[in-house]
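Hi everyone, thanks for coming along this morning. Let's take a walk through one structure together, one neighbourhood at a time.

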Amino acid sequence: MNYDGFSSKTKIAVIIVAAGSSSRMGGKTKKEYLPLKNGTVLSECVKKFLDSIKDFQLVITIPKNGKSDAEKALFSDSCVSSELKQKNVSFVEGGSTRQESVLNALKFLSQNEPPKIVLIHDGARPFVNEETILKTLDAALEFGAAAPGIVPTDTQKIIDENGFIKTHLERSKMIAIQTPQGFDFEKLFDSHKKAALENRDFTDDTEIFALFEGKVKIVQGSPENKKITYPKDYSNDSDSEKKDFKMEIRCGLGYDLHRLTEGRKFLLGGIEIPFEKGEDAHSDGDVLLHAITDSLLGASGLGDIGSYFPPEDDKWKNADSKMLLKTCWNDVKNAGWNLSNLDCVIKLEKPKFIPFRKNVIESIAKILEVPKEKIFVKAKTSEKLESVGEGKAVEVFANCILYR
Ligand code: MG
């Protein structure tokens, strides 16, 4: 199902509220930017709206100076980033409270051609479903304001200031409110402007709307549409959603072979090894760094060394392989990947590799800016067999594990 019934005449805006500091998550990682499925909690929220509504304007409220982090989290899912290229996405800096952040976003939307309907959704509710979004949208169009709600599972009471029950509430008449909440844009904007003049905090947009404009229609929400608030919401073993939070792990294999010829430097991992021959190559010939580059590119799916630096391009003649690796590794890191470990095998008849191993490992660790414990390199002879065994070539296999 994809909501396009109103797309031609009804302008819809979606505000994703993600300007908070996630202090209840322990303050370290912003919960909206935690990894989830193919992207993050934030990109997963946006994906649900992209899958449900054909055409809408997207506004995301973010912390002060937080645009690049927000973009990284949003575009980490390649499906979302390619779909968003066709759409209007804006980042608006939030205020010190959720209410202020929403008001900033509403002001932004009012600047030109305001929408008819605005949906406001928590950036930490990635499990919202299409049915909830569409029911809320329909009811907002019909009644001017709507929000999804579910009957609480626990019986609810009102207590007094000393902790004694004051009022027994009837559970069937109670509703726990979720998002998205949908509103007639002009009416919500007016009520938010009025609320800003009052010197108190409101619980949410439905309270503000109800106070200054009118009734809010409740539609059926979904128990899965939970808000991530505490770390346990994010990692609960008994939770069926736990599997979605699993780290993504990829393995990459790189291979390279170079002829050994006189009059060339013999480079391994950026270190010059004293020897009568060196690698014959268009670049500086560092066979170990080439295999490592291919391994990292392969694991990330970004390409291979040949597609990055075509050998027929004169630009790469005698190129420094350290620089080639650095360039590729930066792209891999920018795609969100971290190195778990890198293990390499060099097939080499002569000279002995062991005396240089420590320096080679440290050199690779320095290029990749990772601890040297993540890298290992070993060498094998080829028992005098074939080109390596006859001392005519050097061969390398590199294997890496990346995670994000
Ligand atoms: Mg090569």
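Let's start at Thr-206, which touches Ala-147, Gln-181, Phe-183 and Val-216, leaving out residues up to four places away in sequence; contact here means heavy atoms within 4.5 Å. A word on the source: this is a predicted model, where local features need pLDDT of at least 70 and side-chain atom pairs count only at pLDDT 80 or more, while totals for chains, interfaces and linings use all residues. Residues are numbered from 1 along each chain as its sequence is written, and side-chain values use heavy atoms, with hydrogens and water left out.

Back to Thr-206, then. You'll find Thr-206 in helix α7, residues 205-212. Helices (H or I, at least four residues) and strands (E, at least two) are DSSP runs, numbered from the N terminus. Is Thr-206 buried or exposed? Thr-206 counts as buried, because its relative accessibility is 11%. For that word, buried means under 20% relative accessible area, exposed means over 50%, and partly exposed is in between, using a 1.4 Å probe and protein chains only.

One of the contacts of Thr-206 is Gln-181: the two are 25 residues apart in sequence, and their C-alpha atoms are 7.5 Å apart in space. The side chain of Thr-206 also makes a polar contact with the side chain of Asp-204, at 2.7 Å. A polar contact is a pair of N or O atoms within 3.5 Å; within protein, one must be able to donate a hydrogen and the other to accept it, and residues adjacent in sequence count only if both atoms are side-chain atoms.

Val-128 is in the loop between β6 (117-122) and α5 (130-143), and at 1% relative accessibility Val-128 is buried. Which residues does Val-128 touch, not counting those up to four places away in sequence? They are Lys-48, His-121, Ile-133, Thr-179, Pro-180 and Asn-225.

Ser-43, in helix α1 (residues 41-52), is buried with a relative accessible area of 0%. Ser-43 touches Ala-73, Leu-74, Ser-76, Asp-77 and Val-80, again not counting residues up to four places away in sequence.

On to helix α11, residues 321-334. This helix has 14 residues and reaches 20 Å from its first C-alpha to its last, close to the 20 Å expected at 1.5 Å a residue; the expected span is 1.5 Å times one less than the number of residues. The buried residues of α11 are Ser-321, Leu-324, Leu-325, Cys-328, Trp-329 and Val-332. Why do they sit on the same side of α11? Because they cover an arc of only 125° around the axis, the arc being that of the directions from the helix axis to the C-beta atoms. They pack against α9 (287-300), α10 (305-308), β17 (338-347), α12 (357-368) and β19 (393-403). At the N-terminal end, Asp-320 caps α11, with a side-chain oxygen 2.9 Å from the backbone nitrogen of Lys-322. Just after the helix, Gly-336 takes a positive phi of about 95°.

Last, the aromatics. Rings of Phe, Tyr and Trp (its six-membered ring) pair if their centres lie within 6.5 Å; planes under 30 degrees apart count as stacked, over 60 as edge-to-face and the rest as tilted. By this rule there are seven aromatic pairs. Among them, Tyr-255 and Phe-397 form a tilted pair, 5.0 Å centre to centre with 45° between the planes. Tyr-255 lies in strand β13 and Phe-397 in strand β19, so the pair ties together parts 142 residues apart in sequence.
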